[in-house]
Amino acid sequence: SFGAAYFNIGRIHEALGQLDKAEDYYRQASSKGKRFADGLANVGRLKLMQGKADDARRLFQDALNIDKYNGEAQLNLAQDARLRRDFVTSVKHIRDALKGNAKNAKAYAVLARVYYDMGLFELAKLVCITGLKIDESFADLNNTLGLIHLKLDDVRAALAAFRAAVAANPRY
């Protein structure tokens, strides 16, 4: 009945590129014990990767019915809204994710991108700096901070932020 164990097995299969097995274990995780919301949220993320946005949104909502502050579900819904340029909805989902975990660096990264997309560069910069206080090596935050510095014509600061992103994640 320990959903987290099934969830972790799913993560291992996902890391190995075995997405069908990962989905199976994520579904098992969500059906164990108190219904593990992260399992449903990750199945939703896999559905998004497959281009099945409607299925993904339904799964994210199912996860939120179990845990209304589930970070994975809230942030995926926030990203979906951001890409549709529905910034008000996106920010609402991010705030709900932060209610569940105020130290969620990924939530700060998504919020910074929303503000960046809105052209609110100083506010986006403040969000990045706040998020980097939680996790100074979070690549997404450093990358977004670099983009912000470019918009603000500070090439040296942008280069430093991009270097920090690459140091945290060489794929950047």
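Helix 7 (residues 105-117) and helix 8 (residues 121-134) pack at about 170 degrees, their axes 8 Å apart; helices here are DSSP runs of H or I with at least four residues, numbered from the N terminus. The axes are lines fitted to C-alpha atoms over the stretch in contact, with angles running from 0 to 180 degrees between N-to-C directions. Helix 7 and helix 8 are therefore roughly antiparallel, a label for angles over 145 degrees.

This is a predicted model, where local features need pLDDT of at least 70 and side-chain atom pairs count only at pLDDT 80 or more. Residues are numbered from 1 along each chain, and side-chain values use heavy atoms, with hydrogens and water left out.

So who touches whom? Helix 7 brings residues including Tyr 108, Leu 111 and Tyr 116, and helix 8 answers with Phe 121, Val 127 and Ile 134 among them; contact means heavy atoms within 4.5 Å.

Now for the rings. There are three aromatic pairs, counted when the ring centres of Phe, Tyr or Trp (its six-membered ring) lie within 6.5 Å; planes under 30 degrees apart are stacked, over 60 edge-to-face and the rest tilted. Two of them go like this:

| Pair | Type | Centre to centre | Angle between planes |
|---|---|---|---|
| Phe 7 and Tyr 26 | tilted | 5.4 Å | 40 degrees |
| Tyr 116 and Phe 121 | edge-to-face | 5.4 Å | 65 degrees |

Phe 7 sits in helix 1 (residues 3-15) and Tyr 26 in helix 2 (residues 19-31), so their pair ties together parts 19 residues apart in sequence. Phe 7 and Tyr 26 are both buried, meaning under 20% relative accessible area with a 1.4 Å probe, protein chains only. Tyr 116 is buried too, at 15%.

Terms used. Helices (H or I, at least four residues) and strands (E, at least two) are DSSP runs, numbered from the N terminus. Buried means under 20% relative accessible area, exposed over 50%, partly exposed in between (1.4 Å probe, protein chains only). Angles under 35 degrees count as roughly parallel, over 145 as roughly antiparallel, 65 to 115 as roughly perpendicular and the rest as oblique.
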